[in-house]
Amino acid sequence: MTTTNTAVPVPVPAQPRIPVPVTEALTHVGAHTDEHVAIYFWQMGGERLFPGAAKTRVEFVLDLAPRGDAAFDADGKVPFGCGHGRYDEHNTKEREKTCCALLVAQDLGLTHDKTVMRIVKEALRCDTKPGVKVTELPAITKVYNRRLKNADSFIWVWCKKALKCIHHYLYYTYGPAANEKTLVEIFEALVQKGHFNPKTEVETKALANLRKHLEASMERRRKLEMNPDPEKDYIFELS
């Protein structure tokens, strides 16, 4: 997938508010794709309500004490998915119907942007419904969180790049490029080059299992293109 440097336009909020200058975005250690999506769109579309949002550094914290929006705003910090603030879905009465990303989209007036909402809707599904596939971005992010120590910043940067690719792909409706390889073809090329070199029976089985998951990922995308599902978009799939 290729992207351009052209910025994707994001609508400005519909309702004027007193701007809150900010320097930091806060979220919990082991942040999920939901928080990543929320911060991604907040940094992109929150500058009017939160001057400095586009350049905020993202900090990952443990056990952030609930202080309320006024206290966090005074410090120039905005918490996501924690702190019982405006973007903490755990602080709502309908937890199963919302998520951090949706709260951001609603607050910034982005809910009429179809591209934004396709991504937000998938974040909501993966955050509140069972059945997330192992080849979807939220599941991969959870694996990173489990396997890597003190890697929250690395995971955020990686996920932000992935979200940018997905966002641009949806907005500009890219078609297949000439000589573009499929996910499985890329995988098999890496196998042939020796990037995967199983030495035990367990590793051999793991490689075969990975191949099976990648093939299933492509099959889900193919079926969805033929028969769209209003409940599942699968835009977070590796394929």
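Let me start with one term: a residue counts as exposed when its relative accessible area is over 50%. Keep that cut-off in mind. One caution as well: this is a predicted model.

Now take Asn150. Its relative accessible area is 81%, so Asn150 is exposed. Where is it? Asn150 sits in the loop between helix 5 and helix 6 (152-172). Its backbone stands out too. Asn150 is not a glycine, and yet its phi is positive, about 50°. Most residues other than glycine have a negative phi.

Next, Asp63. Here too we have a positive phi of about 50° in a residue that is not a glycine. Asp63 belongs to the loop between strand 2 (57-61) and helix 2 (69-74). Buried or exposed? Asp63 has 76% relative accessibility, so it counts as exposed.

On to salt bridges. How many does a search of the whole structure find? The count is 11. I'll show you some of them.

Start with Glu59 and Arg57. Their closest N and O atoms are 3.4 Å apart. Glu59 is partly exposed, at 31% relative accessibility. Arg57 is partly exposed as well, with 46%.

Arg86 lies in the loop between strand 3 (77-80) and helix 3 (100-108), while Asp69 is in helix 2, so the pair links distant parts of the chain, 17 residues apart. Arg86 has 22% relative accessibility and counts as partly exposed. Asp69, at 25%, is partly exposed.

Glu237 is in the segment after helix 8 and Arg220 is in helix 8, so the pair ties together parts that are 17 residues apart in sequence. Both residues are buried.

Last stop: the second largest pocket. Its volume is about 890 Å³. It is lined by 28 residues. Which lie nearest its centre? Those are Val134, Ile140, Val143, Leu210 and Leu238. Helix 5 gives the largest share, 8 residues. And the classes? The lining has 20 nonpolar, 4 polar and 4 charged residues.

How values were computed: Residues are numbered from 1 along each chain as its sequence is written. This is a predicted model: local features need pLDDT of at least 70, side-chain atom pairs count only at pLDDT 80 or more; totals for chains, interfaces and linings use all residues. Side-chain values use heavy atoms; hydrogens and water are left out. On a 1 Å grid over the protein atoms alone, a cavity is a set of points where a 1.4 Å probe fits but cannot get out, and a pocket is an open set with protein on both sides within 12 Å along at least five of seven lines; lining residues have an atom within 4 Å of a point. Grid points are joined across faces, edges and corners, and a volume is the space filled by probe spheres set on the points. Helices (H or I, at least four residues) and strands (E, at least two) are DSSP runs, numbered from the N terminus. Ala, Val, Leu, Ile, Met, Phe, Trp, Tyr, Cys and Pro count as nonpolar, Asp, Glu, Lys and Arg as charged, and the others, Gly among them, as polar. Buried means under 20% relative accessible area, exposed over 50%, partly exposed in between (1.4 Å probe, protein chains only). A salt bridge is a side-chain nitrogen of Lys or Arg within 4 Å of a carboxyl oxygen of Asp or Glu.
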